[in-house]
Amino acid sequence: AQQALDAWEAAVAASAIRHINKSLQILKAGTEDETNFSLKNYGKSWSQAKGFALSFQFNPHSRMSAEDFAVLHELLGMAPTLPGEDAHLYRDSLLAARALLGETYAFPEVNWGDDEGKNGW
């Protein structure tokens with residue numbers, strides 16, 4: 001049962017990474033050319049990442065410590081930063097959140113994606 005729970009939690013973490021990557025891609029497109037920005041798609045990707053990341057608090061045996069959980073949600077924020085605001089700083093926060101998940105769940109770095117959110121999950 002514990003193996004199944006660990007695998008399920010890792011799948012949730014991988015899903016959070018995937019949606020962080022999608023958020024990075026949309027944010028980059030919006031900072032380069034605002035006509036390429038979709039608030040609907042950005043909000044959807046960010047909220048999926050945030051939602052998956054919230055689930056770790058419900059597993060009393062989670063690999064993610066309470067301290068790392070707090071850091072993860074500080075990095076993700078309460079809402080995504082829009083292009084034109086401090087997007088470059090928020091991009092760095094998303095990359096740090098993705099790395100925290102990748103390290104916590106021992107995912108190979110090749111699956112995390114690059115700095116633009118591509119070539120990973």
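Contact here means heavy atoms within 4.5 Å, and buried means under 20% relative accessible area, with a 1.4 Å probe and protein chains only. What you're looking at is a predicted model, where local features need pLDDT of at least 70, side-chain atom pairs count only at pLDDT 80 or more, and totals for chains, interfaces and linings use all residues. Residues are numbered from 1 along each chain as its sequence is written, and side-chain values use heavy atoms, leaving out hydrogens and water.

The protein chain has four helices and zero strands; helices (H or I, at least four residues) and strands (E, at least two) are DSSP runs, numbered from the N terminus. Buried residues make up 40% of its 121 residues.

Let's look at helix 4. Its buried residues include Tyr 90, Leu 94, Leu 95 and Leu 101. So what covers the buried residues of helix 4? The cover includes these helices:

| Helix | Residues |
|---|---|
| helix 1 | 2-32 |
| helix 2 | 39-54 |
| helix 3 | 66-76 |

Just after helix 4, Ala 106 takes a positive phi of about 55 degrees.

Now for a pair of helices. The axes of helix 2 and helix 3, lines fitted to C-alpha atoms over the stretch in contact, come within 11 Å and cross at roughly 170 degrees, on a scale from 0 to 180 degrees between N-to-C directions. Angles over 145 degrees count as roughly antiparallel, so that is how helix 2 and helix 3 lie to each other. Helix 2 brings Trp 46, Ala 49, Lys 50, Ala 53 and Leu 54 to the contact, and helix 3 brings Phe 69, Leu 72, His 73 and Leu 76.

How values were computed
Buried < 20%, exposed > 50% of the residue type's maximum accessible area, 1.4 Å probe, protein only. Parallel < 35°, antiparallel > 145°, perpendicular 65-115°, else oblique.
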